[in-house]
Amino acid sequence: MRAGTEAVTVVMADPSLLRELVERYESLRRSLAQGGGSAETARKLGDATYTLCVVTGTRQLDAALFVARRQLADSLARRQPLHPSG
């Protein structure tokens, strides 16, 4: 490696795991925002945030959500052909 460059490791999580984590995070966040959240809900939201960051290899929630959503979109694009045959 040349001086001043860094190696970048891209973490690729299973799409079904990412989808479940993002949905859990969003559900818990909505619950707290609507005033229906308890201390337990807040703890679960913190756990979901931490897990998203670990799974995506990021340190901040906004980055974790961006990476997760990007990987989900990429996964979906790889599964669907661009042009239907026939």
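Is Leu52 buried or exposed, and what is its relative accessible area? Leu52 is buried, with a relative accessible area of 0%; buried means under 20% relative accessible area, exposed over 50%, and partly exposed in between, computed with a 1.4 Å probe on protein chains only. The model is predicted, so local features need pLDDT of at least 70 and side-chain atom pairs count only at pLDDT 80 or more, whereas totals for chains, interfaces and linings use all residues. Residues are numbered from 1 along each chain as its sequence is written, and side-chain values use heavy atoms, with hydrogens and water left out.

Leu52 lies in helix H2, where helices are DSSP runs of H or I with at least four residues, numbered from the N terminus. Contact is defined as heavy atoms within 4.5 Å. Beyond its neighbours within four places in sequence, Leu52 is in contact with Leu21, Val22, Tyr25, Leu61, Ala64, Leu65 and Ala68. For one of these, Ala68, the C-alpha atom is 7.8 Å from that of Leu52, although the two residues are 16 apart in sequence.

H2 covers residues 39-56. Its 18 residues should span 26 Å at 1.5 Å a residue, and its end C-alpha atoms are 26 Å apart, which agrees; the expected span is 1.5 Å times one less than the number of residues. At the start of H2, a side-chain oxygen of Ser38 comes within 3.2 Å of the backbone nitrogen of Glu40. Just after H2, Gly57 adopts a positive phi of about 75°. The buried residues of H2 are Thr41, Leu45, Ala48, Thr49, Leu52, Cys53, Val55 and Thr56, and their cover includes helix H1 (15-33) and H3.

One of these residues, Val55, counts as buried at 17% relative accessibility.

Helix H1 can be read in a similar way. The 19 residues of H1 should span 27 Å at 1.5 Å a residue, and the end C-alpha atoms are 27 Å apart, in agreement. Leu18, Leu21, Val22, Tyr25 and Leu28 are buried in H1. Seen down the axis of H1, these buried residues fall within an arc of 135°, so they line one face of the helix; the arc is that of the directions from the helix axis to the C-beta atoms. An α-helix has 3.6 residues a turn, so residues three or four places apart point the same way. H2 and H3 are among the elements that cover the buried residues of H1. Tyr25 touches Leu45, Ala48, Thr49, Leu52, Leu61 and Leu65, not counting residues up to four places away in sequence. After H1 comes Gly35, whose phi is positive, near 80°.

The largest nonpolar core has 15 residues, of which Leu18, Val22, Tyr25, Leu52, Val55, Leu65 and Ala68 touch the most other members. H1, H2 and H3 each supply at least two residues of this core. Such a core is a set of buried Ala, Val, Leu, Ile, Met, Phe, Trp, Tyr and Cys residues joined through side-chain atoms within 4.5 Å.

Finally, Thr58 sits in the loop between H2 and helix H3 (61-79). At 18% relative accessibility, Thr58 counts as buried. Leaving out residues up to four places away in sequence, Thr58 touches Cys53, Ala63, Ala64 and Val67.

Technical notes: Polar contact = N/O pair within 3.5 Å; in protein donor to acceptor, adjacent residues only side chain to side chain.
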